[in-house]
Amino acid sequence: MTSADRPAPPVADHRDIVRTHHGEDVTDSFEWLREKTNPEVIAHLEAENAYTEAMTAHLDGLRGRIFEEIKGRTQETDLSVPVRHRDWWHYTRTIEGEQYAVHARIAVGDAPDRPVLDPGVVPEGEQILLDGNAEAQGQEFFSLGVYDVSAMGERLAYAVDNSGDERFDLKIKDLSTGEIIDDAVTGIGYGLAWSADASTVFYTRVDEAWRPYQVWRHVVGSPAEEDVLVFQEDDERFWMGVGTSRDDRHIVIGLGSKNTSEFRLLSAEDPTGEFRVVAPREEGVEYDVEPAGDNLWIVHNRNHRDFELAVAPLTSTSAQDWVTVLDGEDGVRVGGVDAFSGHLAVALRRDGLTQVQILPLSAAGRPVGRGYQVPVQEEVYSIETGSNPTYDTETLLVVIESLVTPSSIYELDLASGELALLKRAPVLGGFDPDDYQQHRLWATAEDGTRIPISLVARKGATPDGTNPGLLYGYGSYEISIDPYFSVSRLSYLDRGVVYAIAHVRGGGEMGRGWYEQGRMEHKRNTFTDFVACAEELVSSGWVAPDRLAAEGRSAGGLLMGAVLNLAPERFRVVHAGVAFVDALTTILDPTLPLTVGEWEEWGNPVESAEIYQLMRGYTPYENIRAVDYPAILATTGLNDTRVFYVEPAKWVARLRETVTSDPVERPILLKTEMVAGHGGKTGRYDAWRETAFEIAFMVDQLGATEPVG
């Protein structure tokens, strides 16, 4: 496309709004785009979509081919590994041509061994609990929030969102008749717990800032107006959730800010009783609780930054009762514990990789020795426990995957430590993991810190300085982007693109200190770490200096905007998904969703002039430079509650009027899903098409549209 025949990009009006904080007046010309109900705003977003489609029309065939690649590698009719809960084996099925999963079960009956089912054959006695395709019929958007079968298996509670705003309507089904017996409760949040007799459910509601702050009790079959508020959290820093313990004996309310926790328990046999506090909140102390048998297993940071494991009596109401059973260790993050009748499975993180440690329990319910680590035979990998709802068990489902090995579910014999492969996610189309290579690289940050990079490429790729590459990053909330397998990523790799994950500070890959060094006043480390990883990919020869792409979503979109301002010359193309690129404006407004709770992540720029200036210095929207930038694709959802569409919309408008790069060679595009939220489209085929759109744009800019080898 030449300059002469390209369409003109939409131009947003300047309607100046002045923001005043800490003695500084800042004029924002595009803040008016926040008016979601304004027809002019919708028209602008639709014009942006039309422009994006026009500017990428030449990629239509490529998008179609990539979609077919993803589809062709996926076993469309498939079945999950059945998981036992009491008298039933539960599983999900996907069916070729259908967008959503079918949730089903079969009775254990006289065959207690895990059944081996054929994905293409409906097993005898199958009971469909929920067909997502039937639920989604006639809807442009369908997302399943709560999905919870009562302890004895007689009822199902599930919640549906049909807009993408993550506010759900609750339905309760009688599984003996298949009838919906209750749909009175609407507009709930995440989390649900059943009473032991399935007469009552507990659910959460959100406030105007989309913070889950209330737990309500609902008697099945009664009007919602008769529901009882059982707990309300007024501290705006705290979010809450509600659920049932693994042994089905307790209703658990979890409360947490970014650095403080509190848990409350109630016997599931006594739904109208009073919740008791496990340990009163203590500023800066985080803990998590696993009730099991006569014990409370607690992962906490009272004594060690990287957490430790403790045990207390089930009736404990004080942290003074906590007895350490696994000491904290510098650089070894204790992430959580799954407790069973005879063993504990402890999630650990060491040297940037996950681990699962199995601790056998004595007859008295205490760990015996150090146990053993579940082995993984790869250089770069991820391991975690799978779905294990049964408390009294001698086996454990464990999920292992890597950049080259598809997600693999193993059954672990807890006593012997032996692993038996139950299912490896099938990848069709001639996929062979030996056709690919994975490595761990290390970049050196500005302050000398070594930053891990996980890298995957085609087998024949060498670090000769010619390869196209893509670097992915996130770096916030102590969330780790662990090595994982992706079918859609193969469309990059098979076109010669080297794919890498930058495990930057602000994430949790290297322990709690890694997170602390990338938040609040240290946030800049997240951005400079990513640039250092980009430099390492180039200097090591794995990626050509003019063929490097970058991608990040949500807080990773903030990362994308920040590194564009820091080092625009380093990247050829960037995809910023649901991008938090107007962070300062958002964090200055405590009425917006998430803001108050986020002050413990970013700092409070309302009260602190220092934090204000810090965020002012890195917020992408406010630091765009008049230099050449890469090609940019910004994607968002109109109904996104977590990161409002207005942030990427404003960002794109300001980018276009500021940067000096050629708008044909390096276009700046905005694509808004008009009926979707933070996660984009929900049906699997729709999601694949969305992914194909993004990949096509990226490989086109990298000059890597054709398969290699």
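## A tour of packed helices

Select helices H6 and H7. Arg 524, Thr 526, Phe 527, Thr 528, Phe 530 and Val 531 of H6 touch Leu 558, Leu 559, Met 560, Ala 562, Val 563 and Leu 566 of H7. Sorted by type, the residues of this contact are nine nonpolar, two polar and one charged. Keep in mind that this is a predicted model.

How are two packed helices described? By the angle between their axes and the distance between the axes. For H6 (residues 524-539) and H7, the angle is about 65° and the axes lie 9 Å apart. An angle of 65 to 115 degrees counts as roughly perpendicular, and H6 and H7 are therefore roughly perpendicular to each other. Their crossing is right-handed.

H6 has 16 residues. From its first C-alpha to its last it reaches 22 Å, close to the 22 Å expected at 1.5 Å a residue.

Bring the rest back. Colour the buried ones: Asn 525, Thr 526, Phe 527, Thr 528, Asp 529, Phe 530, Val 531, Ala 532, Cys 533, Ala 534, Leu 537 and Val 538. Then step just past the end of H6 to Gly 541, where phi is positive, about 90°.

Next, select helix H9, residues 595-602. Which of its residues are buried? Thr 595, Val 596, Gly 597, Glu 598, Trp 599, Glu 600, Glu 601 and Trp 602 are. That is eight of eight, so H9 too is largely enclosed by the rest of the structure.

Show what surrounds H9. Its buried residues pack against helices H5 (512-516), H7 (555-566), H8 (583-587) and H10 (609-618). H7 is the helix you saw packed with H6. After H9 comes Gly 603, with a positive phi near 105°.

Last stop: select helix H2 (residues 60-73) and helix H12 (residues 684-702). Their axes come within 8 Å and cross at roughly 130°. That angle makes H2 oblique to H12. H2 passes H12 in a right-handed crossing.

Show the side chains at this contact. On H2, pick Leu 62, Arg 63, Ile 66, Phe 67, Ile 70 and Lys 71. On H12, pick Tyr 685, Trp 688, Arg 689, Thr 691, Ala 692, Phe 693, Ile 695, Ala 696 and Val 699. Colour them by type: eleven are nonpolar, one is polar and three are charged.

Notes
Residues are numbered from 1 along each chain as its sequence is written. This is a predicted model: local features need pLDDT of at least 70, side-chain atom pairs count only at pLDDT 80 or more; totals for chains, interfaces and linings use all residues. Side-chain values use heavy atoms; hydrogens and water are left out. Buried means under 20% relative accessible area, exposed over 50%, partly exposed in between (1.4 Å probe, protein chains only). Helices (H or I, at least four residues) and strands (E, at least two) are DSSP runs, numbered from the N terminus. Contact means heavy atoms within 4.5 Å. Axes are lines fitted to C-alpha atoms, for helices over the stretch in contact, and angles run from 0 to 180 degrees between N-to-C directions. Angles under 35 degrees count as roughly parallel, over 145 as roughly antiparallel, 65 to 115 as roughly perpendicular and the rest as oblique. A crossing is left-handed if the near helix is turned anticlockwise from the far one by less than a right angle, and right-handed if clockwise. Ala, Val, Leu, Ile, Met, Phe, Trp, Tyr, Cys and Pro count as nonpolar, Asp, Glu, Lys and Arg as charged, and the others, Gly among them, as polar. The expected span of a helix is 1.5 Å times one less than its number of residues.
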